[in-house]
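Please prepare a short briefing on the structure shown below, covering the ligand site and the nonpolar cores.

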Amino acid sequence: MAGGPSGTAEGVSNASLVWAVIMSAFAAFGGILFGYDTGTIGGVIAMQDWLQTFGDYDPALNLGINGYYLKTSNKSLVVSILSAGTFFGALLAFPMGDMVGRKKGIVCSCVIFALGVGLQLDTKWSTFVVGRVIAGLGVGLVSCLVPMYQSECSPKNIRGLIVGLYQLAITIGALLAAIVLNATKDELSHSSWRTPISVQFAWAFILGGGMLLLPESPRYLLHKNRVGAARRALGRLTNRPADSPEVDAECTEITLTLEEERAVGTGSYADCFKNNELKAGLRTWTGIMLQGWQQLTGINFIFYYGTTFFQSAGISNPFIITVIADVVNTCMTIVGVQLIDRVGRRRLLLIGAAGMMVCEYIVAIVGVTAGQVAADGTVNLAAQRVLIAFVCFYIAFFATSWGPVAWVITGEIFPLNIRAKGMSLSVASNWLWNFGIGYATPYLVDTSTKGQPNGVATAALHVKVFFIWGSTCLGCLIFTYFFIPETKGLSLEQIDLLYKESSILNSEKYRREMIVANETHAHHEKPTESHDDSSEEAAKV
Ligand code: BGC
């Protein structure tokens with residue numbers, strides 16, 4: 001998977017660039033599906049009609065809206081069950097993408113997802129929950145197959161940008177969810193929540209339909225020894241006749257890479273954890289842990305429970321705050337995507353973790369002091385504003401660092417022979433932590449209802465939970481320092497070399513030396529060769 005179509009030394013032709021952009025725009029719809037789905041539930045469970053339909057009634061508890069509230073256990077279940085589905089979806093992505101292909105795999109995922117969405121329109125609790133699991137399977141499959149398809153079909157020079165587009169689409173999806181939720185939240189009928197849920201049919205239709213029009217990944221076709229079909233696919237992707245010399249050269253290049261891949265090992269799951277000369281085990285664990293730490297930044301606390309949390313903190317229009325949080329996330333992701341190739345992966349992760357840590361500690365400290373809601377229900381407005389501002393700064397730090405960079409690194413640190421499996425395991429880890437955190441959060445944050453009918457004991461941390469997120473960001477910082485090498489401007493082959501011959505702490509120095517050596521070499525040989533994802537190349541396209 002060193003490259004993809006048009007990944008030859010001649011660079012990218014305009015026609016194939018146009019195709020690459022069209023493809024990534026279509027495939028990035030997977031990100032919209034992902035972001036919109038995860039972004040809807042927090043708002044849906046705060047709606048009056050939804051609570052009346054699925055919640056419990058006890059006006060004495062002073063929870064929820066007009067006496068209707070959702071038990072903590074049900075809240076955990078309905079929010080986190082999607083991530084349980086997505087976890088298995090991500091694990092299924094590898095066999096599915098290999099059996100039916102990347103393209104048809106994405107189309108099937110859309111059908112599964114649409115089925116899950118349909119079930120969530122029912123008013124029965126169990127059907128709603130099953131719908132969440134099935135939609136989750138679809139999202140999990142898409143969250144792995146889309147970047148796999150993108151990286152196999154896009155010219156290698158713009159692969160980094162394309163992965164960035166995918167994260168951008170995730171944030172746009174969440175923003176769209178917040179906007180739709182805000183538009184329907186005051187309706188007192190089922191349409192208040194059925195409308196935002198039904199909008200997801202459109203995403204599934206656009207992604208599934210768009211994929212049907214696109215070619216299959218030539219790399220997948222060559223992997224299956226379907227040489228004729230691979231040539232036709234490559235021809236379509238590069239806008240050239242299937243029997244042209246360029247298509248021929250690219251087919252040969254991909255075939256050679258495949259042979260190289262097979263020679264390194266069978267690429268089994270066991271190979272992913274072997275401590276061989278390629279440091280496969282270290283790299284797989286890095287991917288798995290990186291995705292776990294991304295979730296441990298606490299970002300989804302804001303996106304899943306933000307609306308209900310801000311409500312309980314006495315903020316008058318929590319839906320608007322959620323929209324603001326999503327706007328900050330989307331805008332700052334646009335900034336972040338451009339920083340990756342300039343500032344560097346490792347450095348961005350370190351800055352992002354430190355920034356998030358400071359913001360979260362400030363939110364926690366302000367929250368437990370001036371930000372407390374008084375016994376008579378009054379709130380300190382200035383403290384509330386500080387709280388909101390630092391939540392926004394925190395999101396901005398995430399969006400410019402851990403949001404996109406976690407996906408970029410996941411796509412580039414694996415050796416050729418285990419890349420697809422390594423990606424699937426890492427993405428599954430993201431969803432596992434997503435599930436765990438989504439499930440545990442209400443038990444950590446909510447007011448305890450112990451001693452009441454169906455009551456549960458909780459830690460009732462409220463805003464103090466930000467002390468936990470601040471501390472996990474310290475964990476992110478330490479993890480990055482010891483496990484993430486700087487890979488800015490390196491080709492995938494150079495990243496292999498870096499893992500083989502250098503250490504993480506020495507990676508920055510080794511990286512610079514490699515680039516200098518490469519430039520000196522290129523100067524004497526062919527200029528611009530093997531720059532792969534370098535910032536100069538990325539800037540050119
Ligand atoms: C994370 C999601 C998160 C989103 C927020 C993604 O990179 O994996 O869990 O909700 O960013 O933008």
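In this predicted model, a polar side-chain atom of Gln-295 lies 2.8 Å from an oxygen atom of the ligand, a polar contact being a pair of N or O atoms within 3.5 Å. Local features need pLDDT of at least 70 and side-chain atom pairs count only at pLDDT 80 or more, whereas totals for chains, interfaces and linings use all residues. Residues are numbered from 1 along each chain as its sequence is written, and side-chain values use heavy atoms, with hydrogens and water left out.

- The residues around the ligand, each with a heavy atom within 4 Å of it, include Phe-34, Gln-167, Thr-171, Asn-300 and Phe-398.

**Nonpolar cores**
- The largest nonpolar core has 121 residues, among which Trp-50, Phe-301, Ile-395, Trp-402 and Phe-466 touch the most other members; such a core is a set of buried Ala, Val, Leu, Ile, Met, Phe, Trp, Tyr and Cys residues joined through side-chain atoms within 4.5 Å, where buried means under 20% relative accessible area (1.4 Å probe, protein chains only).
- Helix 6 (residues 125–153) gives this core its largest share, eleven residues, helices being DSSP runs of H or I with at least four residues.
- Leaving aside residues up to four places away in sequence, Ile-395 touches Ile-299, Ile-302, Phe-303, Ala-325, Val-328 and Asn-329, with contact meaning heavy atoms within 4.5 Å.
- A second, separate core of ten residues includes Tyr-220, Leu-221, Ala-229 and Ala-233.

Conventions:
Buried < 20%, exposed > 50% of the residue type's maximum accessible area, 1.4 Å probe, protein only. Helix = DSSP H or I, 4+ residues; strand = E, 2+ residues; numbered from the N terminus. Polar contact = N/O pair within 3.5 Å; in protein donor to acceptor, adjacent residues only side chain to side chain.
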